[in-house]
Amino acid sequence: MRRLLGLAISACLLAALPAAGQDRTILIGSVVRPDGTIAPDMAVVIAGGKVDRVVAAKEASPDAKDTVVRFDEHPGAVISPGLIDLRSLAGALSDAFERTRPVDPDLSALDAVKIGDRTFESALAGGITAVMIVPGETNIVGGAAATVRTHPAADGSLDVLRADGPMTFTLGATVLDQNRGPTSRAGAQTMLRDALAAAKAGKGSERLAKVINKEMDALVVCEAAEDVDAAARTFGEYSLKPNMVLGPDALEALDDLAGSKISVVLGPLTFHAPQRVLMGPAKAAKADVDLAFAGRTPILEPSGLRVTAALAVRYGLDPAAARLAMTRNAARVAGVADRVGTIEPGKDADIVVFSGDPLRLEAKVLEVYVKGVKAYVRPASESDHSWDDVAVGGSDHD
Amino acid sequence: MNGPAIDGATIHIAGSTIRRIGKNVEIPEGATVIDAAGMTVTPGLIDADATLGMSYATRGGTPDPTNRAFDAFDRYATNLFKDAVRNGVTTLSIAPRTGSGITGASAIVRLQPGPDGPWAGVVVKDRAALCIDLGSEHAPTQRLETLDRVRKQFRAAVDYREALEIYKEDLEEYEKKVKERAEKEAKDKKPGDKDSEKKPEGGSGNTQAPDRPDTPRPSGRPGGGDAQGGSKEDELKKPVEPAPDRKSEVILKAIDREIPVRFRCETSADIFNALDLAREFSLDVILDGATEAYLIAPQLAKAEAKVVLGAALGRDFYIGDVHRRRRVGGVDALTDAGVTWIIGSGRGIGIEGSGLGEPSATRFVLANAQLVAQQSEREIDPLKLVTIDAAEFLGISDTVGSLAPGKMADIVIWSGDPLDPASRVREVYIGGELVYRDDSITTASQGGKR
């Protein structure tokens, strides 16, 4: 794997050299459209790291310099936008949960992310090209989330899609703490109100003031339905409508959110989830909110995001909506939808080729492109079954 | 599932079994016709390592070889059964969940509605295997203790058999001597005194030796019968039968390879321990869970061990804060080495978050098989894994696992390809009886969408 990564990095360097003209890569197969449906026999033309155009396969008209990639062994291959996992802890497994201050708006999740962490590679191999890391879910005001690519930038550094946001808030039992407070839901709510009021008065954190002035988006993690109510009330006082992450016990509140035009993040769904929870995404779709999924890699395996989508579909969610929840809608929640999340002209070419519909769990990740560069190829079948252990604690700096 | 898919087939169910299947099956007069035009019909799915029905209330307790999984089967776990059936699952292999050690015998159960409850299971095979949980999730010292306890139980069973054999020999010898003496006495008293013929009191062996209950368990040759036996008439003692040991009797079934042994073990260390035990007592060995099986695939092949995987091998997982990274294609290592494996919904270590090992995971056994197929470089048919492959593995393919004449009519009608999550189960038949139906899904001939 390390060798592969090395190759990929050198490929990056080559691509970064001023290439004569513009070398294009043309991927041929079925393509996930910006509306989440799948169009067969298409060609995705990639130039300069971006999607140049998406046309019918027979109109691709490649010239000699173009690299044309067909997936003849996999006639059902589906070219999908790279998957985005919201609420990931990739690269920050044990470092993102600060527990000293319940109100900690100036914390940045990006500070916890380790460059070159192995968990990024696993995510990439699972088709996840970007992860949003949500800081301090043990704090009422957790700080700024960050969204990073799982493949490093051309110079080997962390490829940051967004460093400063959304601002994350958490309501629920996880923020309660006998030592530092708050010790009750009401207490937590008071702390939140105080922090917002101070920011409004220009006395608190500048970042929080940005949220109040709608210069920065917000994401509220709600554990239970009453937390959704509380969030709506408190943020409503400042006429804010933050996006929300709903825990399994907060799904009842979906009805109240109907027509609110916010994004709702659900998941991960596991094999253990009760029926009520499995039906949550379908319920969200009915409530006409923008649905996005969280897969929780690497706490769950990278495939957890696709398992979430597949189970949601089995329990009533429209397949196109499920694909959008892993891509376009996730990019919107992370605030990076201008660059990634769909395969459209002008967007960065962060693309995964699956051997079939990504909702079918047997579909394999064949290739992953990040900014038009091949970042992962499924290893050839002369399988190398070796393995290695890597400590995930602070000691892993290689 | 034995062969290719048939388009436009007809299945003729008679009573609880399939009578005929094919393109040109004649529909007998008066038959109830089930219309599944435009749908996909599959056999009921099999979970080869289920916890479904083994409710929390029945877990814990003492591990005991005489435990039987079916005794703990909660037939009133109606909602869970329903959810399994509406996902197409109709057959389960269940194991006792009583901590670590020899936990008892597994059973294979079909989810048939019965007279005493809505989902009374029908046992296909009781005492299908002897189950041993090596407790991979526990600390190393605890695991060693478990292993030691198991080995002692097996040795005790071997000793018990030896004692029984010695007893049998001794009994034969004793009876022979009793007979000899009787004949001798008869010869001595030629005139034929009637009373004296009865002399060896408590003689012939089928009374249970009520005398001498305090005799210690036979270690050497108990109860007389030594070389010079019979030299003194009065010392002729009847051998004492060893007290029946039901635990050992169950273990002996495994030692005699009447039933296989299913070891629940995850780490390579525990798997090696299982193989050691299997070699020592020449067991027919199946590994349950076996997260790290692919690391030692050649050794498994050599030991002829088979594997019921819980999770797709080759995924990332964590033990404590150690991140064990897997290459894709873990199952291929098993296939390459020639190890027979299938998939269930059982626990895998370090992947607790996935819900595997929970009763509710049974309903997603097909999805779990799909994840396995995703990890493989080969083209694995996930549906085959949880139908005919599982049936053959469990030795129940004469009853279930495919749509073939003579097998139970455990049939699932899907609105489309079962591997497509957008497909829905329209109807489920178990033993020819309708147990689930979703009327919102209409067949092609009803003019509805697939």
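Tutor: This is a predicted model. A charge without a partner comes first: Asp438(B) is buried but has no salt bridge. The nearest side chain of opposite charge belongs to Arg424(B), 5.9 Å away, and a salt bridge needs the nitrogen and the carboxyl oxygen within 4 Å. Asp438(B) sits in the segment after strand 18 (433-437) of chain B, and its side chain makes a polar contact of 2.6 Å with the side chain of Ser440(B).

Elsewhere charges do pair, with 47 salt bridges over all chains. One of them joins Arg162(A) to Asp217(A), with the closest N and O atoms 2.6 Å apart. Arg162(A) belongs to strand 10 (residues 160-162) of chain A and Asp217(A) to the loop between helix 4 (206-212) and strand 12 (218-224), so this pair ties together parts that are 55 residues apart in sequence. Arg162(A) is buried, at 14% relative accessible area, whereas Asp217(A) is partly exposed at 27%.

Another salt bridge is between Glu377(B) and Arg378(A), at 3.2 Å between the closest N and O atoms. Glu377(B) lies in the loop between helix 7 (365-375) and helix 8 (382-385) of chain B, and Arg378(A) in the loop between strand 18 (373-377) and strand 19 (388-391) of chain A, so the pair joins two chains. Glu377(B) is partly exposed at 21% relative accessibility, while Arg378(A), at 13%, is buried.

Salt bridges also form a network, which links Lys50(A), Arg149(A), Asp159(A), Asp348(A), Asp350(A) and Lys371(A).

Key:
Residues numbered from 1 in each chain as written. Chains lettered and ligands numbered in written order. Predicted model: local features only at pLDDT ≥ 70, side-chain atom pairs only at ≥ 80, totals over all residues. Heavy atoms only, no water. Helix = DSSP H or I, 4+ residues; strand = E, 2+ residues; numbered from the N terminus. Buried < 20%, exposed > 50% of the residue type's maximum accessible area, 1.4 Å probe, protein only. Lys, Arg positive; Asp, Glu negative; His and termini not counted. Polar contact = N/O pair within 3.5 Å; in protein donor to acceptor, adjacent residues only side chain to side chain.
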